[in-house]
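Please look over the model below before reading the notes.

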Amino acid sequence: MHELSETADTIADRFTHWCAAVVARLPFGLDRLVPPTFLGFALINSGTFAVDLALLTLLHGWFDLPVWSAVTLAYVCAFGLSFVLNRTFNFHSHAPVGRQAAVYVVVVVINYLAFILGVGSGLAALGLQYHLSRMLAGACEAVYMYSAMRWVVFRRSVEPQAALAPDVAVRPQPK
């Protein structure tokens, strides 16, 4: 009889396997170009972006907060949720959360200043409807955030011996 831990995948494992299976079926050689974590990021961040837009609508449209304030509050909530979901389901990180959270905050602040305030609020100030402004800024931030999360926030460190081919033996150096 197998132990439960040997046979049962976690929800995060099933999500990862599903993303890999979908990517493996992409046509035109895209399966070799698109990593499963990109699909996972797209799914998770589409959901958190929907949360962002819903909160923006609630805060600005219903509670009449200024756009900059509503965007900021919605953004903080959505990106907190994105961090937890991507860390758990997409990148399966087991690194200390404190360091990752600190790096993530820096990445998010840069994103906020460049894309949310710069692009999103800038387009709204030029007269573009605030939802459309936010969606255009969201497209820019998606590319930046995936890259930052994959290669900076949740990067995997490679041990020197693990980087070697399995058939290469590491011999102790003579003294």
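In which helix is S82 found?

1. S82 lies in helix α5, residues 67-90. Helices here are DSSP runs of H or I with at least four residues, numbered from the N terminus. This is a predicted model, in which local features need pLDDT of at least 70, side-chain atom pairs count only at pLDDT 80 or more, and totals for chains, interfaces and linings use all residues. Residues are numbered from 1 along each chain as its sequence is written, and side-chain values use heavy atoms, with hydrogens and water left out.

2. S82 counts as buried because its relative accessibility is 1%; buried means under 20% relative accessible area, exposed over 50%, partly exposed in between, with a 1.4 Å probe and protein chains only. Apart from neighbours within four places in sequence, S82 contacts N45, T48, Y104 and M149, where contact means heavy atoms within 4.5 Å.

3. Helix α4 (residues 36-62) has 27 residues and spans 38 Å from first C-alpha to last, close to the expected 39 Å. That expectation is 1.5 Å times one less than the number of residues.

4. The buried residues of α4 include N45, T48, D52, L56 and H60. Their cover includes α2 (11-24), α5 and α7 (130-153). Just after α4, D64 has a positive phi of about 60°.

5. How many disulfides are there? The count is zero, taking a disulfide as a pair of cysteine sulfur atoms within 2.5 Å. C19 is buried, at 1% relative accessibility, whereas C140 is partly exposed, at 34%.

Key. Helix = DSSP H or I, 4+ residues; strand = E, 2+ residues; numbered from the N terminus.
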